[in-house]
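Please walk me through this structure in plain paragraphs.

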Amino acid sequence: MVKFLLYICLLTISIFVVSGLRSDIVVKLLDDIPSDLNYEPFKRVGEKLLYFSDETANWFKANNICRSIKGFLVSIDNENAWDTIKEYLTNEITDKRRWWISANDLDSEGNFVWANTGTPMEYNAFAKSQPDDYGTNEDCVHLRFKEAKYEMNDMDCRRENHFICERETPLTILINAL
Ligand SMILES: [Ca+2]
Ligand SMILES: [Ca+2]
């Protein structure tokens, strides 16, 4: 956050200085991610930058691996994001794997939160009868393919799954000198 504020400060000063020299500077915040930027190993899927792992890991290690590449385990907090990820998994990844996401109820049983934002899991796509905290030991959420569709399920965090990392959408600023 401090880096971000410093960045904005420096940017503001730069614009101020440049604007002093030229009165025809246009600054525009881009909502979109320019397609020509390279964020490997992340790829653009809908509105998000995502990494779908080839390797498997328990939920904790998966979260660490995501952090090591400047990401987090993914949050899927609205229907549009869920539809986009389901469509990608269905069309682009032919073998039906299980994928860790960031939702968990590690801190408070039954109260799921997204690990990367700390916000309650208000949107979910849990399978019927899930989450069930099976064996009183299921605190991490994964995606699974069952009965011809992907759905969410709580699972023992120590099990190994593939995982989906999300990189924060970069703030992109376009400065045009006319
Ligand atoms: Ca639980
Ligand atoms: Ca379960």
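This is a predicted model: local features need pLDDT of at least 70, side-chain atom pairs count only at pLDDT 80 or more; totals for chains, interfaces and linings use all residues.

Strand S7 and strand S8, which covers residues 149-155, pair in the antiparallel sense over seven bridges. The two strands form a hairpin with two residues between them. In that turn, Glu147 has a positive phi of about 50 degrees.

S7 also has a partner in strand S5. S5 (residues 99-104) and S7 (residues 140-146) pair in the antiparallel sense over three bridges. Here Asn104 stands opposite Cys140 in S7.

These strands belong to a protein with three helices and 10 strands. Read from the N terminus, the order of the elements is α-β-β-β-α-β-α-β-β-β-β-β-β. The protein has 178 residues, and 25% of them are buried. Of the contacts with a separation of 6 or more, 68% are between residues 24 or more positions apart.

Strand S9 takes part in several pairings. Strand S3 (residues 48-52) pairs with S9 in the antiparallel sense, over four bridges, and Leu49 stands opposite Arg167 in S9. S4 and S9 also run antiparallel, joined by two bridges. The bridge partner of Leu73 in S9 is Cys165. S5, in contrast, pairs with S9 in the parallel sense, over two bridges, and Trp99 stands opposite His162 in S9. How many of the six residues of S9 are buried? Five of the six are, so S9 is largely enclosed by the rest of the structure.

Next comes helix H2, which spans residues 59-68. Its buried residues are Trp59, Ala62, Asn63 and Cys66. They cover an arc of only 100 degrees around the axis, which puts them on the same side of H2. What do the buried residues of H2 pack against? They pack against strand S4 (72-73), S5, S7 and strand S9 (162-167).

The loop between H2 and S4 holds Lys70. Phi of Lys70 is near 65 degrees, a positive value in a residue other than glycine. Lys70 has 12 other C-beta atoms within 10 Å and is exposed. A second residue of this kind is Asp133, which has a positive phi of about 45 degrees although it is not a glycine. Asp133 is found in the loop between S6 and S7. With 13 C-beta neighbours inside 10 Å, Asp133 counts as partly exposed.

Pro131 also lies in the loop between strand S6 (113-114) and S7. The peptide bond from Gln130 to Pro131 is cis, with omega near 0 degrees. Another cis peptide bond joins Glu40 and Pro41, where omega is about 10 degrees. Pro41 is placed in the loop between strand S1 (25-30) and strand S2 (43-45).

Finally, there is the question of confidence. The mean pLDDT of the protein is 85, and 74% of its residues reach 70 or more. Over residues 15-19, however, the pLDDT is below 50. Beyond near neighbours in sequence, this stretch has four contacts in the model.

Conventions
Residues are numbered from 1 along each chain as its sequence is written. Chains are lettered from A and ligands numbered from 1 in the order in which they are written. A residue is buried if 20 or more other C-beta atoms lie within 10 Å of its own, exposed if 12 or fewer, and partly exposed in between; C-beta atoms are placed from the backbone. Two residues are in contact if their C-beta atoms, placed from the backbone, lie within 7 Å. Two strands pair if DSSP finds at least two bridges between them. The arc is that of the directions from the helix axis to the C-beta atoms. pLDDT is the predictor's confidence in each residue, from 0 to 100.
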